Amino acid sequence: MNRVIFVNVVLMTMLIGFSAFAGTPQELGKWEKGELLLENHSFEDDLAAWELEDGQCCDRGGEYQMEIDKKNPQHGDKCLKVIGIKATGTNWHAKVKQLNVSMEKGETYTVIFWARSEKPRQVSLNIQEQQDPWTFWQGGDINLTGPEWEEYFVTFTAKETVARNMWVGLSVAQSDVDFWLDNFRYFEGEPEDDLSRDEPFPVDAKEKLTTQWASVKTERF
């Protein structure tokens, strides 16, 4: 095979492989309703695409660690464990998040995930601009109930259009209780629009998802 052709084939294979790994369309408006807009949502690729922000990077005093746990995943073979070493009592002093996410003004979006914790604790949804002025678009406190896996969600309407310039994640520094996350999804639409869902969405109202969050906060962090 001609060397130039061979090199081109190798490069194309690498690009296809990278695209398959990235997996998530983030260019504004190029996704279907219900399509995942986060990468590595079930942590099967370990910590890829996820990051931890705490006092170690931002001088806020809180200290946390995150690691992959294979002992009791809700989905697939792995889940994420967030270890609390030192809480500050202020939720946004530490965050588990994914960057370069998008939304379109006027559209409905859902953040939905599975979680469990050593004992009841609170986390807070955090959807925020990832650079100055750090505009805070969406929040809500979520009460994790304990050691059994439960599914939680927040649905909201986007007030602005953002193209690959926000993060989606959880603020966690209000408590040092360890907790686990799995199957963490963000997509356009209501919960039942989730195209990646393994099981049909519950129809019986008594089986609806556990939704535990306070009134939406509008302050900036």
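Is E7 mostly covered or mostly uncovered, and how many of its nine residues are buried? I keep in mind throughout that I am reading a predicted model. I looked up the strand and found that eight of the nine residues of E7 are buried, which leaves the strand mostly covered.

**Entry on the sheet.** I traced an open sheet of five strands, ordered E1-E4-E9-E6-E7, with antiparallel pairing. Strand E1 (51-53) and strand E7 (136-144) are the edges, and each has a single partner strand, so one side of each lacks a neighbour in the sheet.

**Entry on the pairings.** I then took the strand pairs separately. Strand E6 (residues 121-129) runs antiparallel to E7 and is joined to it by eight bridges, and within this pairing isoleucine 127 has glutamine 138 of E7 as its bridge partner. E6 and E7 form a hairpin with six residues between them, and in the turn I found tryptophan 134 with a positive phi of about 60 degrees. Strand E4 (residues 95-103) and strand E9 (residues 162-171) also run antiparallel, joined by six bridges, and here lysine 95 stands opposite serine 171 in E9.

**Entry on salt bridges.** I counted eight salt bridges in the structure. I checked the burial of both partners: glutamate 53 counts as buried at 7% relative accessibility, and lysine 95 is buried with a relative accessible area of 2%.

Arginine 185 and aspartate 194 meet through their side chains in another salt bridge, at 2.6 Å from N to O. Arginine 185 is buried at 1% relative accessibility, and aspartate 194 is buried at 8%. I also noted that salt bridges with shared partners join Glu51, Glu53, Arg60, Lys95 and Lys97 into one network.

**Entry on leucine 47.** Finally I looked up leucine 47, which lies in the loop between helix H1 (3-22) and E1 and counts as partly exposed at 32% relative accessibility. Leaving aside residues up to four places away in sequence, I found that leucine 47 touches Asn40, Met66, Ile68 and Leu80. Methionine 66 is 19 residues from leucine 47 in sequence, and their C-alpha atoms are 8.5 Å apart.

Note on methods. Residues numbered from 1 in each chain as written. Predicted model: local features only at pLDDT ≥ 70, side-chain atom pairs only at ≥ 80, totals over all residues. Heavy atoms only, no water. Pairing = 2+ DSSP bridges. Helix = DSSP H or I, 4+ residues; strand = E, 2+ residues; numbered from the N terminus. Buried < 20%, exposed > 50% of the residue type's maximum accessible area, 1.4 Å probe, protein only. Contact = heavy atoms within 4.5 Å. Salt bridge = Lys/Arg side-chain N within 4 Å of Asp/Glu carboxyl O.
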